[in-house]
Amino acid sequence: MGLFDVKIISEHFGVHDARTLDYFERKGGYRSARKACQMAPEAIAAEVTASNLRGRGGAGFPTALKWSFVPKDAQTVYLVVNADESEPGTFKDRNILYWNPHMLIEGMIIAAVALEVRSAFIYIRGEMARENKVLQAAIDEAYAKGYLGERMFGSGVSLDITVYRGLGAYICGEETALLSSLEGGRGWPRLKPPFPAVKGLWGQPTIVNNVETIANLPWIVEHGGKAFADLGTGRSGGLRLVSVCGHVNKPGVYELPLTVTGRQLIDEVCGGIKGGRKVKGVIPGGVSMPVLTPDELDVPFEFDALQKDERIREVEVRPGQKFDLGGNRTLRTMAGSGGVVVMDETTDMTQAAWRIVHFFAEESCGQCTPCREGTGWLAQVAHRIAFDHGRTGDVDLLASIADGIAGNTICALGDAAAWPTLAFLTKYRDEFEAKVRHAHRPKGAA
Amino acid sequence: MRRHPSFRARKAVPGQELSPQIEARIQQLWSRFPEGRAAQALCLPVLYLAQEQFGYVDAEVVDLVAGRLGLTAAHVTGVATFYFMINKVRPGRYHLQICTNIGCQLVGAYEVFERCKQRLGVQNKGTSADGNVTLTEVECLAACGFGPVAQIAEREKPEIPLYFENLDATRIDAILDALAEGRVPTELGN
């Protein structure tokens, strides 16, 4: 069996009955939840620590460390699963919700025991009507079997799971915005600290974890944290769901070792670029993350490697001036949400960059001025460059707006708009400048 | 959120009230939230169900929701106008939503979107003259590997929203033809 054949989550994707409790249990499902209900919370947390599991929503933060921030004397702790998958290029969690809802429920039971949670929520994207129905049906099945509710599996612990539907706002995937929304308000992010693990939903300690993160827990409880860590590399345990779209022959969701490089992903996993064309750029983790050029694709698509590998060029504000991520850190790229966007040599990078900033302008929540105004300006300037009305100085203007947004907002949406803008300008600057040089201008204009 | 049409008050329809199904859902969910928090937490779910009932959320529907939950109309209006999926004006019988975000853009979403505009004789967020189809450009629907993607909602049929994937000129024509005939082509969706 090759390394590509090991599966933790995706083995039953595409199997018609996979979403039923019967099928899931026949394949060994709910054994880990049953076991967890008899375990001490600290014992579960210890396995998760040993597993090197890192958050699969975008930040790659160590899950056990996040859990450890919950105050020891907390009376009420909430668990919230972030199923608001909306980072463009990302479509992995939707597969888990549709094919493996019971794996998510089982993972939630394990997390709830570890965190001593009695009430958990799943915040699911409003657009996912089909997945919502499947998920609710699975939860109802689990209640009927006594796997949820009072005294789960005949143990002394209880858990309620409530599905809460979003109503179409990208920002609600940001954990504090999600909590504002779940409390019944506008999805406005909150300043951190205090972090949700200390002061979250209704002011109580709250752990917000991504769907894929939680779905890994049954395997960790069954096989042990060390086995999970061994599947990974360095400080990152396990495998990873990667969703690939764009100009590849076989787009889709793949569960892969973290050591797989961008080039392997395109050529070996996704059957190469359509029409035998050449690759021009690859976004490794959702559109918030800086784009990679063809000569940067030999780096493993893993959290630490994408941030630190020197084969990836540092993002610049202007030629020769590196972008400052704060604390003297520079920005290469990040593994983000695992949403990989592959662009071939025919792609107009100015139009791709415009569509990305246009998205952030649409989705800015409007709280912070640099983001509310800045994303709108980015979209306007990028649009005129991309559609042949660029003005002299527009390329520098775009960079300066992006640099003015980054680091100056409550949440990461501002950075998420600024980083890809600066990365496109750093790596495809000639193309932007050529567009401006050849723009249609009214007579007499600069 | 900036492109939402401005929130406008509409003429009141006498005798409107929230359906018994909404009341049942409120009763079912109330105890899932801590004491004193349920009314506000139910704002989103009730708005969504009210939209299923009325097709859109105007000032009068806001008043109904606010009245039932004991929230201010200002709060409910704030929520209703923040979220993209709440229709501020009455959409056509079918709401055709085309994703043009990057995954779909790269494989021809704008060609599909232009074709819809042309055939329906509308711009983005417009409704065809016969009131049958509202066309909206939407952001990523999390089906990027199978783009261009559309989602179709039918008024008063909450179970309908299906995804329509791998769209091209032929497939979008077939979808538009079916909508013109008064049906959602479920055989083309998943």
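Colleague: Where in chain B does Pro148(B) lie?
Modeller: First, this is a predicted model, where local features need pLDDT of at least 70 and side-chain atom pairs count only at pLDDT 80 or more, while totals for chains, interfaces and linings use all residues. Residues are numbered from 1 along each chain as its sequence is written, and chains are lettered from A and ligands numbered from 1 in the order in which they are written. Helices (H or I, at least four residues) and strands (E, at least two) are DSSP runs numbered from the N terminus. Pro148(B), which a cis peptide bond with omega about -10° joins to Gly147(B), lies in the loop between S2 and strand S3 (150-154) of chain B.

Colleague: Is Asn52(A) buried or exposed?
Modeller: Most residues other than glycine have a negative phi, and most peptide bonds are trans. Asn52(A), in the loop between helix H3 (41-51) and helix H4 (63-68) of chain A, has a positive phi near 60°. A residue is buried if 20 or more other C-beta atoms, placed from the backbone, lie within 10 Å of its own, exposed if 12 or fewer, and partly exposed in between. Asn52(A) has 22 other C-beta atoms within 10 Å, so the residue is buried.

Colleague: How many C-beta neighbours inside 10 Å does Asn166(B) have?
Modeller: Asn166(B) is in the loop between S4 and helix H8 (169-181) of chain B, and its phi is positive too, near 50°. Asn166(B) counts as partly exposed because its number of C-beta neighbours inside 10 Å is 13.

Colleague: In what order do the 4 strands of the open sheet in chain B run?
Modeller: Two strands pair if DSSP finds at least two bridges between them. S1(B) (residues 94-99) and S2(B) pair in the parallel sense over 6 bridges, with Tyr94(B) partnered by Val133(B). The sheet is open and its pairing mixed, in the order S2-S1-S3-S4.

Colleague: Which are the edge strands of that chain B sheet?
Modeller: The 4 strands form an open sheet. An edge strand here pairs on one side only, and that applies to strand S2 (133-138) and strand S4 (157-164) of chain B.

Colleague: How many residues of strand S5 (residues 239-246) of chain A are buried?
Modeller: Leu239(A), Leu241(A), Ser243(A) and Cys245(A) point one way, with Arg240(A), Val242(A), Val244(A) and Gly246(A) pointing the other way. S5(A) is antiparallel to strand S6 (residues 252-257) of chain A, over 6 bridges, and parallel to strand S10 (residues 339-344) of chain A, over 4 bridges. Ser243(A) has a bridge partner in each: Val253(A) in S6(A) and Gly339(A) in S10(A). S5(A) is largely enclosed by the rest of the structure because its buried residues number 8 of the 8.

Colleague: Which elements do the buried residues of H8(A) pack against?
Modeller: H8(A), residues 175-182, is largely enclosed by the rest of the structure, since 7 of its 8 residues are buried. Among them are Glu175(A), Thr176(A) and Leu182(A). Contact means C-beta atoms, placed from the backbone, within 7 Å. The packing partners are H2 and H3 of chain B, along with strand S1 (78-83), strand S2 (119-124), strand S3 (160-165) and strand S4 (206-210) of chain A.

Colleague: At roughly what angle do the axes of helix H16 (residues 394-405) and helix H17 (residues 413-427) of chain A cross?
Modeller: Axes are lines fitted to C-alpha atoms, for helices over the stretch in contact, and angles run from 0 to 180 degrees between N-to-C directions. Angles under 35 degrees count as roughly parallel, over 145 as roughly antiparallel, 65 to 115 as roughly perpendicular and the rest as oblique. H16(A) and H17(A) are therefore roughly antiparallel. Their axes come within 8 Å and cross at roughly 150°.

Colleague: Which helix of chain B gives the largest share of the side that touches chain A?
Modeller: The contact takes 35 residues from chain B and 47 residues from chain A. Helices H2 (38-41), H3 (43-54), H5 (73-82) and H6 (102-105) of chain B each supply at least two residues of that chain B side. The largest share, 4 residues, comes from H3(B).

Conventions. Two residues are in contact if their C-beta atoms, placed from the backbone, lie within 7 Å.
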